[in-house]
Structures are given as C-alpha cells and as structure tokens.
Amino acid sequence: MASLFVIQGTDQGRRYDLDEDAMSLGRDNDNDIQLHDSEISRHHAEVRSDEAGYLLVDLDSSNGSFVNGNQITEHHLANGDRVQLGRTLMIFTGSDDSSSFALADEVDIVGQSASAVGSRIISSISHEEGSQIIGRFDESESPWLARARSNLQIMYRTALAVSHTLDIDQLLHRIMELIFEWVEADRGCIMLHDQQTGDLVPKVSRNRRQRENRQKERLEISRTILDYVREHREGVLTSDAKDDQRWDPAASIVKMGIREAICVPMQGRYGIVGVIYIDTYTAPGRFVQRAGNKFSEEHLKLMVAIAHQAALAIEDTSYYSAMVQAERLAAMGQTIATLSHHIKNILQGIRGGSYLIEEGLKHEDNDIVRKGWSIVDKNQEKISNLVMDMLTFSKDREPDLVPSDMNEVVADVLDLMVVRAQGVGVELKRNAAESMPELLFDPELLQRAILNVVTNAIDACESSDPGRVIVSTEHSVEVGKVRVIVEDNGDGIEEVDIKRIFSVFESRKGARGTGLGLPVSQKILREHGGDIFVESTLGTGSRFILELPAIIPDPSHHSDTLAGIRIE
Amino acid sequence: MTSTASERRSASVLIVDRSEETRDVLRTILEARGVNILEAKQGAEGLELLREQHPGVVVLDLEVDEGDSAGLRGAFEDESRRHESSLVMLGRVVNANRSEGVDEMRDTRHIIEKPYHYGPLIRTIEQLLQQHEAVASSSIELG
C-alpha cells in the first residue's frame with residue numbers, strides 16, 4: 001500500500017497509509033492525516049488516488065507544498081519523492097513494485113552445473129585489505145600529487161568514520177577530530193538544525209588553544225556568517241573577515257577579530273542539516289602578521305565535501321531512528337489494541353454477570369444471582385491471569401528457587417482447571433511420576449507456565465469427542481531433568497504454526513486467546529534454564545514437554561538462585 | 001408480508017455469539033420473561049437457524065467468526081430482511097450504510113457497540129419483539 005513516511009518534523013517516525021481515494025493533510029484534527037506542525041496550514045494539501053497513481057494537490061496553503069524541493073500546486077508522486085509541508089518532510093512510497101518483477105525476470109541465480117560460463121575464483125580480498133586503496137606515500141611524487149593523495153586520504157577516513165556509527169554525537173565528534181588533525185584550526189563547531197524550531201544548535205565544539213592553555217574560553221560564532229551559509233547554501237572562506245565586503249562591517253566579525261574562517265553547509269539529500277564552522281582566532285589588537293593564509297580554497301572544497309558526507313550520514317541515522325521509532329509505535333499500537341480487546345471482552349463478561357446478580361436480587365431469584373456471580377468470578381480470574389501474564393512477560397526476573405514438589409504443583413493446576421475442563425466436556429487426567437524428589441524451582445512461576453499450557457490443551461479439545469488431556473510428570477536422574485508433559489487429543493497444530501505459537505500475540509484461539517500464554521510459559525521455563533518442546537500431528541493431538549534442570553536443594557540453604565546451583 | 005411468512009414467525013430471539021457467557025446472560029433473562037431462545041455459536045449455524053426458524057429478533061455478535069465480519073454482516077442483513085426479522089448487531093460496524101433499495105422505515109438494523117450494558121440491550125430486544133408481534137397480529141387480521 002502506498003504511504004507517506006515522516007522523516008523530519010514533530011511527527012517523525014509516523015507512517016500514513018494512503019488507503020482512501022482522497023486523503024487530506026493539515027494541522028486540524030479533521031484531516032485524514034493530521035500533522036502537528038505550526039507551519040502547516042489547517043487544511044494544507046490532499047493526496048488523491050487516480051488512474052495515474054497518487055496526485056498531491058496543494059490546497060492554497062500559506063507556506064506551500066514542495067516535492068523534491070520544488071513548489072507544486074499539483075504533482076503526481078513517484079516512489080521516493082520527498083514531500084515537504086512546513087517543517088515536515090515525508091517520503092512517498094508507492095505500491096507499484098513492477099520494476100522488481102521485471103528485474104527478477106532478467107536475473108537468474110543458477111547452480112554450478114547449470115551455468116553456461118565456467119567461473120572459478122582466481123583471487124579474493126578481505127574487507128580490511130580492500131579498504132587500503134591509498135598506497136604508501138612516495139617521496140618522489142610532486143607536491144600537488146601529495147596534496148591530492150592527502151585529500152583523498154581525508155575523504156576516505158571521513159567515509160570510514162561516517163559508516164561506522166549510528167550515533168550522531170559520536171559521528172560529529174569523530175568528524176571534528178578529523179578536521180582538527182588535518183587543518184590548523186583554533187576553534188571549531190558543528191551545529192545541527194533543530195527540527196522543531198529550525199534554529200542551529202551546537203552539538204560539538206573544539207578549541208585547540210583552550211586545550212593547550214587549559215583556560216575556559218567561550219566560543220562565539222558570527223551569526224552573519226552562519227546566516228549567509230544557510231541562505232546561499234554555499235561554503236565560505238573568510239580571510240581577515242572584517243574587510244570582506246559580503247559582511248556587514250558593523251557585524252560581529254569585527255568584534256570577534258576573526259582572521260580566517262571556513263563555514264560550510266552540511267548539505268544532505270533533503271536539505272541542510274547543519275553547518276560546520278572552523279576558524280583561527282586572534283583577539284582584537286593582537287593580530288600577528290602571518291606569512292600566508294592558513295586556510296585555502298582547497299581547504300574549503302574539502303570541508304564542503306566532508307560536510308556533505310557527514311550530512312548524508314546524519315540523514316541516514318535520522319531515517320534509521322525514525323524507522324525504529326515507527327516500529328516501536330507500531331508494536332506499542334498492536335500491544336494496546338490486543339490488550340484492549342481482551343480487557344473489553346472481560347469487561348463484557350463482568351457486566352453480564354453483574355446484570356444477572358442485579359436482576360436476581362430484584363426478583364429474589366438466588367439461582368440467577370449464583371449464575372451471575374459465577375460469571376463475575378470467572379472473569380475476575382481471567383483478568384487476574386491476564387495481568388499476571390503481562391507482568392511475567394514484561395519483567396526479567398530471577399526465579400525464586402525454593403524446594404518444591406512438581407507433582408504437587410501439577411495437582412494444584414489440575415484442581416484449578418477441573419471445572420473449566422468439565423464445562424467443555426474434556427476429561428482431565430494426571431499421571432504423576434512415582435519417584436519425584438523435592439527440587440529447586442519457583443513453584444508460583446511453574447504453576448503459571450503449566451496452567452497456560454493446560455488451558456490451551458483443554459481449549460484445543462473442545463471439538464474432540466471425548467476430549468482428553470493428560471498431564472504427566474517425569475524425573476530423569478541420568479540426564480538431570482524434570483519434565484511436565486501435557487498431551488491432548490485435540491485438533492493438532494500445523495507444522496508452520498508450531499514456529500509461531502511462542503510469538504507474543506500470536507493466538508490460534510481467535511478472540512479467546514491473549515497470545516501471551518505460551519510466550520509466558522516459554523519465558524518461565526527459559527528463566528529456569530529449561531525450555532518447552534512441541535510435538536503435534538494434525539487431527540490427532542499435541543504434546544507439550546516442559547523441561548527444566550532437576551536441581552537438588554542444598555540442605556544448608558533455604559532459598560537459592562540459579563547461580564551456584566548443583567544439577568543432579 | 002405474506003400470511004405464510006407471518007405464520008412462520010414466532011416470538012423468538014436468535015442469539016448468535018461465540019461467548020457462552022453472553023448467550024447465558026441473554027438466555028437467562030429473556031427466558032424468565034417468556035421469550036423463546038435459539039442459540040448459535042457460529043455464523044453459519046446462526047444463518048441456518050434464521051432461515052429455518054424465522055425468529056422475531058436476531059442478536060448477532062459481529063466477532064462470532066474469525067475474519068470477514070463485513071461478509072457475515074451482509075449475509076445476516078439479507079437473511080433477516082428476507083424473513084422480516086429485526087437484527088441487533090453487537091460490535092463495531094465500519095460502514096453501516098443501508099443496502100440499496102432499503103428505505104429508513106424498513107431498515108430494522110440496530111447497532112450496539114461493545115462493551116455494552118445488558119439493560120439497554122434487553123430493552124431494545126423487548127421493544128423489537130413487541131413491534132414484531134404487533135406487525136404479525138395486524139398481518140394476520142388483514143389476512
């Protein structure tokens with residue numbers, strides 16, 4: 001499905017599916033796509049679906065609509081188009097993937113025997129070796145060639161620096177270090193655009209003199225230069241800046257006494273993400289005559305190239321962060337939707353039970369009151385289980401290992417489940433191991449893990465006649481394991497589904513299942529150093545094996561954790 | 001309405017809901033008030049009962065089956081209209097436009113969003129049953 005994905009702006013990370021014939025975009029909440037951006041008009045633009053694709057139409061907005069940097073009144077969107085409304089930048093993704101089909105038709109990956117060309121590997125090279133494209137310095141080469149080689153080396157190191165991190169602060173620090181290694185700058189600063197305000201915000205600054213003198217010196221940067229660079233989107237080199245006619249003679253440069261400065265825009269694919277500024281500093285009245293300029297045109301060109309590399313990396317990182325945020329939002333949305341659905345069903349049950357109690361009391365009919373109470377009771381149990389599963393799933397916790405009897409835990413589970421099983425005509429049988437020593441495990445957690453599996457087994461047998469669930473325990477001294485085996489004669493699980501049943505919110509029970517039961521059981525078993533294994537045959541039934549290490553309690557300790565355990 | 005159809009109808013309510021609790025609550029209350037109850041826990045089973053028994057009111061949980069609730073809703077709308085049964089739908093209806101050719105007066109659908117309160121639902125069912133019986137008796141008199 002076609003969509004607009006916000007990569008810059010307040011709504012960064014949100015994806016809007018274009019699932020209707022016409023979708024309005026604007027600041028007001030009656031828009032199909034509401035964008036929280038004060039520079040966007042109340043009803044700014046509309047995306048209309050037509051035979052040619054998706055048409056973006058500007059609705060006479062105050063600040064205009066832009067596609068790939070050009071203002072439009074109407075524009076048919078193509079895959080990858082950048083749509084800018086106010087400060088909000090979105091990427092359009094179309095649904096047409098015919099090009100990939102076309103390419104798939106053109107390329108075949110074939111086995112060796114089928115290949116018409118007898119290829120063999122004649123040479124190979126590792127990533128590290130491949131990266132050493134710049135050979136060793138040769139003293140006989142010309143100064144021009146040496147400078148070119150040095151510049152290439154700097155660009156190569158910049159490319160390496162930007163490709164090795166997804167942390168913007170780390171990246172900017174590395175860029176500043178490289179610049180200071182290469183050029184005799186006294187001070188430097190990298191500023192990035194704040195997406196909300198559009199202001200430049202300093203992210204990294206460096207002052208060579210301050211480091212050498214260990215004196216605290218506040219870095220002042222000329223707004224005149226910054227504004228020029230941002231407005232004209234070009235890098236500038238100033239030498240004795242107070243004489244440069246482009247600057248307002250009354251401006252800050254004179255006050256600051258800058259002799260040489262380079263300021264370059266960080267120009268990315270979608271716009272300027274910030275600026276890099278370096279200068280050499282001499283305080284007013286203390287100028288020192290120098291033989292030549294420290295900064296040259298060549299330095300400026302290289303700085304522009306470095307800034308462009310850094311900007312691309314920053315955009316990629318922002319895009320990546322936006323994607324991560326979008327995935328988090330989607331996961332959170334799914335979680336909330338799923339849990340709300342279950343809570344809604346439980347609430348419905350409680351309302352039903354309460355209504356029966358109310359009616360029973362009104363008509364003095366105790367049977368109706370009892371029926372109502374049983375429904376309320378069942379639902380309070382459901383909400384309690386849901387909350388416990390949510391808590392167990394959301395927290396990493398060390399099991400509280402206490403000497404316990406697995407047969408007793410299983411018996412408790414069956415006692416809890418017997419009414420439910422009888423209600424749906426399922427026979428519940430226990431097959432306890434005759435020799436079951438007291439073992440160290442968290443009985444509360446294990447009870448929850450077994451309860452979830454037994455609940456599923458009973459539900460799976462609802463259509464079996466007669467349904468049967470057998471819960472057995474086994475203790476193997478040889479392999480040092482204890483097992484709880486839950487077998488049912490239900491519908492069975494398809495092989496492809498077995499891989500999915502332990503994924504959270506993947507329920508095969510439709511509206512009845514929370515999709516938390518098995519993931520919680522698996523988590524509990526894994527926290528105990530064990531796991532759950534499944535064997536299933538469609539139409540015959542399933543067998544869930546809950547296996548964990550058989551830990552014999554140390555008589556000198558009443559409670560223990562998994563650290564320092566003895567496994568029999 | 002033909003007299004044959006009116007003769008077929010009875011003062012019964014068909015509950016189509018996979019939740020045994022919901023069926024239990026509605027059955028308990030309505031039976032105590034002398035209403036005949038038909039139950040189905042799946043859509044197909046409900047449609048069959050609707051075709052065979054022509055209940056006065058159908059209470060349909062739109063989540064009774066997994067998947068296509070719009071298709072299920074359409075089938076129940078068509079069948080209940082054909083058999084002149086009132087249809088009470090429980091759940092969220094995304095597009096509740098009337099079918100073509102059905103005017104407001106003849107639109108007997110009622111939509112109640114979840115989670116709902118049973119009191120208003122029971123009152124709605126009782127009102128619809130009364131209307132249904134009134135129409136049935138006038139049809140018999142006319143016939």
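Mentor: B:Ser80 lies in helix α4 of chain B, residues 69–82, where helices (H or I, at least four residues) and strands (E, at least two) are DSSP runs numbered from the N terminus. This is a predicted model, in which local features need pLDDT of at least 70 and side-chain atom pairs count only at pLDDT 80 or more, while totals for chains, interfaces and linings use all residues. Residues are numbered from 1 along each chain as its sequence is written, chains are lettered from A and ligands numbered from 1 in the order in which they are written, and side-chain values use heavy atoms, with hydrogens and water left out.

A polar atom of the B:Ser80 side chain lies 3.2 Å from the backbone oxygen of B:Glu77. Leaving aside residues up to four places away in sequence, B:Ser80 touches B:Leu50, B:Ser85 and B:Leu87, contact being heavy atoms within 4.5 Å.

Turning to the rings, the structure holds four aromatic pairs over all chains (rings of Phe, Tyr and Trp, the last by its six-membered ring, with centres within 6.5 Å; planes under 30 degrees apart count as stacked, over 60 as edge-to-face and the rest as tilted). One of them joins A:Tyr54 and A:Phe92, whose ring centres are 5.8 Å apart and whose planes stand at 55 degrees, so the pair is tilted. Because A:Tyr54 lies in strand β6 (residues 53–58) of chain A and A:Phe92 in strand β11 (residues 88–93) of chain A, this pair ties together parts that are 38 residues apart in sequence. A:Tyr54 counts as buried at 16% relative accessibility, and A:Phe92 counts as buried at 2%.

Another pair, A:Tyr355 with B:Tyr118, is stacked, at 6.1 Å centre to centre and with 25 degrees between the planes. That pair crosses between chains, running from A:Tyr355 in helix α8 (residues 297–362) of chain A to B:Tyr118 in helix α5 (residues 118–142) of chain B. Both A:Tyr355 and B:Tyr118 are buried, and together with B:Tyr116 they form one aromatic cluster.

Technical notes:
Buried < 20%, exposed > 50% of the residue type's maximum accessible area, 1.4 Å probe, protein only. Polar contact = N/O pair within 3.5 Å; in protein donor to acceptor, adjacent residues only side chain to side chain.
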